[in-house]
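Look over the sequence and model first.

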Amino acid sequence: MVLVALAACSGGAVSTPVPTSTPEPASPSPSASPSPSAEHPIVGEWVAIHDCAKIVAMLTGAGLEEFLIDAVYGNELVPGVDPSTTEFTDPADPCAGAVERQHAHFFTADGRFGSRDFNGDTVDSGTYTLEGENGIVINSSRFTYAIDGDELSLEPESVDISACTTPQCRFEATWVLMVALPGTTWKKGLLQPA
């Protein structure tokens with residue numbers, strides 16, 4: 001899923017292009033079920049809010065600052081700024097003028113995963129499988145999930161970029177965080193396009 005077309009360096013540096021594809025789907029493990037039944041509670045669309053300050057704190061805390069510009073401007077969290085901009089309008093306040101935007105994930109009964117931006121456009125696609133009682137593999141990345149009524153939470157496996165030596169590795173770490181938005185509650189329902 002390309003929740004964001006993640007690429008950029010802060011401080012006025014030239015953008016570093018990164019892959020626009022999502023991590024490759026993993027082969028199901030022996031305990032993974034290929035996909036849930038249509039009645040499984042994960043099936044459906046889940047909506048949350050992209051909040052600029054939370055995203056900046058999350059990526060900065062993970063040491064993934066090079067993806068901040070694209071996470072903020074690529075998701076159009078600051079209206080009126082060209083998503084391909086390579087510098088923050090206000091480097092001291094990356095979220096100056098930011099608004100919250102809806103974002104959605106969907107899980108189908110046949111094992112497809114995707115995301116929609118605030119306009120309702122599909123911005124990511126892939127597959128998922130369930131593992132055990134609360135495990136889910138989206139493409140090649142593992143998460144735990146919890147569903148309480150119409151609320152979903154996703155937590156990625158620990159994101160450790162200390163061994164990441166390539167832009168692809170750092171992109172995948174960023175993708176995992178942007179998919180989960182740890183600490184965020186996703187509500188079951190349909191995204192209302194802007």
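Cys164 has 14% relative accessibility, so Cys164 counts as buried (buried is under 20% relative accessible area, exposed over 50%, partly exposed in between, with a 1.4 Å probe and protein chains only). Its bonded partner is Cys169, with the two sulfur atoms 2.0 Å apart. Cys169 counts as partly exposed because its relative accessibility is 28%. The torsion about the S-S bond of Cys164 and Cys169 is -55 degrees, and the link is left-handed.

This is a predicted model: local features need pLDDT of at least 70, side-chain atom pairs count only at pLDDT 80 or more, and totals for chains, interfaces and linings use all residues. Residues are numbered from 1 along each chain as its sequence is written, and side-chain values use heavy atoms, with hydrogens and water left out.

Cys52 counts as buried because its relative accessibility is 4%. Cys95 is at 18%, so Cys95 counts as buried too. With the bonded cysteines numbered in sequence order, the pairing reads 1-2, 3-4.

## Helix α1

Which residues of α1 are buried? They are Cys52, Ile55, Val56, Met58 and Leu59. Seen down the axis of α1, these buried residues fall within an arc of 165 degrees, so they line one face of the helix. The arc is that of the directions from the helix axis to the C-beta atoms. Lys54, Ala57 and Gly61 are exposed on the other side of α1.

The cover over the buried residues of α1 includes β2 (44-50), α2 and α3 (167-180).

## Arg170

Arg170 belongs to helix α3. Is Arg170 buried or exposed? Arg170 is buried, because its relative accessible area is 18%. Leaving aside neighbours within four places in sequence, Arg170 is in contact (heavy atoms within 4.5 Å) with Gly63, Leu64, Glu66, Phe67, Ile161 and Cys164. Cys164 also takes part in the disulfide with Cys169.

## The cavity

The structure holds 1 cavity of 30 Å³ or more. A cavity is a set of points, on a 1 Å grid over the protein atoms alone, where a 1.4 Å probe fits but cannot get out; lining residues have an atom within 4 Å of a point. The largest cavity has a volume of about 30 Å³. Its lining is Tyr73, Val78, Phe88, Thr89, Asp90, Asp93, Pro94 and Ala96. That lining divides into 5 nonpolar, 1 polar and 2 charged residues.

## The chain overall

The chain has 3 helices and 9 strands, taken as DSSP runs numbered from the N terminus (helices H or I, at least four residues; strands E, at least two). From the N terminus on, the order is β-β-α-α-β-β-β-β-β-β-α-β. Of the 194 residues, 46% count as buried. Among contacts with a separation of 6 or more, 63% come from residues 24 or more positions apart.

How values were computed: 1 Å grid on protein atoms, 1.4 Å probe; cavity = no way out; pocket = protein on both sides within 12 Å on 5 of 7 lines; lining within 4 Å. Points joined across faces, edges and corners; volume = space filled by probe spheres on them. Nonpolar A, V, L, I, M, F, W, Y, C, P; charged D, E, K, R; others polar. Disulfide = S-S within 2.5 Å.
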